[in-house]
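Please look over the sequence and the model before reading on.

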Amino acid sequence: MLREALEKQAEWLRQKNCFPANCDRAGDPVRQIVNETARAKYDLVIIGARKTGSTGPHWRSEKTYEVIKSISPPVLVAMGSGPN
């Protein structure tokens, strides 16, 4: 269901001459994102994150922060809550 929603939005963006790449890989998410952004040039990276596991006064998890600091393109974090 999520993949269908992402593809629907990607198609809408393509009609506006913006060409997104939906990348989903198995394995460690930080390493996969670092590898993907090293392999190809991106203007913006959008990642999803659950609003759980935050440490200290920060809104983001350690893994989210690691992605933001490890790659050169800007990162947009889409926050959501996980299943209860």
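In this predicted model, the largest nonpolar core consists of seven residues: V30, V45, I47, A49, V67, I71 and V77. Strand β1, residues 45–50, contributes three of them, the largest share. In soluble globular proteins, nonpolar side chains tend to be buried together. Of the protein's 84 residues, 17% count as buried.

S70 belongs to helix α3 and counts as partly exposed because its relative accessibility is 40%.

L44, I46 and L76 make a nonpolar surface patch of about 280 Å². L44 sits in the loop between α2 (29–39) and β1; its relative accessibility is 43%, so L44 is classed as partly exposed.

Helices α1 (2–15), α2 and α3 (62–70) and strand β1 each supply at least two lining residues. The most come from α1, which gives seven.

The charged side chains come last. Side chains of opposite charge can pair when their charged atoms come close. The model has five salt bridges. In one of them, K63 pairs with D28, with 4.0 Å between the closest N and O atoms. This pair links distant parts of the chain, since K63 is in helix α3 and D28 is in the loop between α1 and α2, 35 residues away. Both partners are partly exposed, because the relative accessibility is 46% for K63 and 31% for D28.

A further salt bridge joins E7 to R14, whose closest N and O atoms are 2.9 Å apart. E7, at 36% relative accessibility, is therefore partly exposed, and so is R14, at 28%. D43 and K41 form another salt bridge, with a closest N to O distance of 3.4 Å. With a relative accessible area of 65%, D43 counts as exposed; K41 is exposed too, at 71%. Finally, salt bridges with shared partners connect E7, E11 and R14 in one network.

Conventions. Residues numbered from 1 in each chain as written. Predicted model: local features only at pLDDT ≥ 70, side-chain atom pairs only at ≥ 80, totals over all residues. Heavy atoms only, no water. Core = buried A, V, L, I, M, F, W, Y, C linked by side-chain atoms within 4.5 Å. Buried < 20%, exposed > 50% of the residue type's maximum accessible area, 1.4 Å probe, protein only. Helix = DSSP H or I, 4+ residues; strand = E, 2+ residues; numbered from the N terminus. Patch = residues over 30% accessible without salt bridge, like charges linked within 9 Å, V, L, I, M, F, W, Y side chains within 5 Å. Areas by Shrake-Rupley, 256 points an atom, 1.4 Å probe, with all protein chains shown as cover. Salt bridge = Lys/Arg side-chain N within 4 Å of Asp/Glu carboxyl O.
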